[in-house]
Amino acid sequence: SNRRPSIAAKNVSARTVLLVSLGALVAYPLGATVVRWGESGFTSLAGYGLIVASLIAAAALATTSLQRIVAEQPHLLDEYELRLRSRAFIAAYMILAVLISSATLYAGVAADGGGWLPTTFSEFNGLFWGAILYSIMLPVLCLAWQTPAEENDED
């Protein structure tokens with residue numbers, strides 16, 4: 001075809017994208033938790049290491065063919081890619097809706113029961129960047145999950 005994607009994409013297997021994106025989405029909240037409740041400089045360093053690893057993993061996916069599908073301008077995608085993108089965004093939206101609903105329920109219970117709630121700028125900042133990371137990474141995670149293994153098996 002004569003269309004030219006605006007993002008240069010490298011072909012990475014769906015399994016690799018799935019593992020790397022899942023790793024990023026697990027490492028960030030784990031790192032933030034370790035930073036928040038760690039009791040030594042070493043635990044803080046380990047927590048920040050997990051956060052940095054999460055960001056590096058997210059950056060590594062920025063030029064993959066699956067990330068191109070979720071990030072590309074829609075008019076530059078073919079019909080098949082548009083269907084894949086649509087399914088990925090629907091799944092990501094459903095996951096994000098469950099996470100937001102769960103967080104809201106937790107906040108209500110924590111407010112009455114004395115549980116942890118963010119109180120400092122640093123805590124809100126961590127939640128904000130975590131929400132941004134999840135918003136960006138969930139569509140590519142869902143696309144990788146839904147992509148048949150035989151369709152994108154090169155590394």
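Predicted model: local features only at pLDDT ≥ 70, side-chain atom pairs only at ≥ 80, totals over all residues.

Biologist: Why is Thr-147 called buried?

Modeller: Buried means under 20% relative accessible area. Thr-147 has 7% relative accessibility, so Thr-147 counts as buried.

Biologist: Where is Thr-147 placed?

Modeller: Thr-147 is in the segment after helix H5, which covers 121–146.

Biologist: What makes the pair of Leu-143 and Thr-147 a polar contact?

Modeller: The cut-off is a pair of N or O atoms within 3.5 Å, with one able to donate a hydrogen and the other to accept it. Here a polar atom of the Thr-147 side chain sits 2.6 Å from the backbone oxygen of Leu-143, so the distance is within 3.5 Å.

Biologist: How do you know which elements the chain has?

Modeller: Count them: there are five helices and zero strands. Read from the N terminus, the order is α-α-α-α-α.

Biologist: What share of the contacts with a separation of 6 or more joins residues 24 or more positions apart?

Modeller: That share is 74% in this chain. Contact here means heavy atoms within 4.5 Å.

Biologist: How far apart are the mean positions of the positive and negative charges?

Modeller: They are 5 Å apart, for 9 positive and 12 negative charges. As for the box filled by the C-alpha atoms, taken along the principal axes, it is roughly 60 × 35 × 25 Å.

Key. Residues numbered from 1 in each chain as written. Heavy atoms only, no water. Helix = DSSP H or I, 4+ residues; strand = E, 2+ residues; numbered from the N terminus. Buried < 20%, exposed > 50% of the residue type's maximum accessible area, 1.4 Å probe, protein only. Lys, Arg positive; Asp, Glu negative; His and termini not counted. Charge placed at Lys NZ, Arg CZ, Asp CG, Glu CD.
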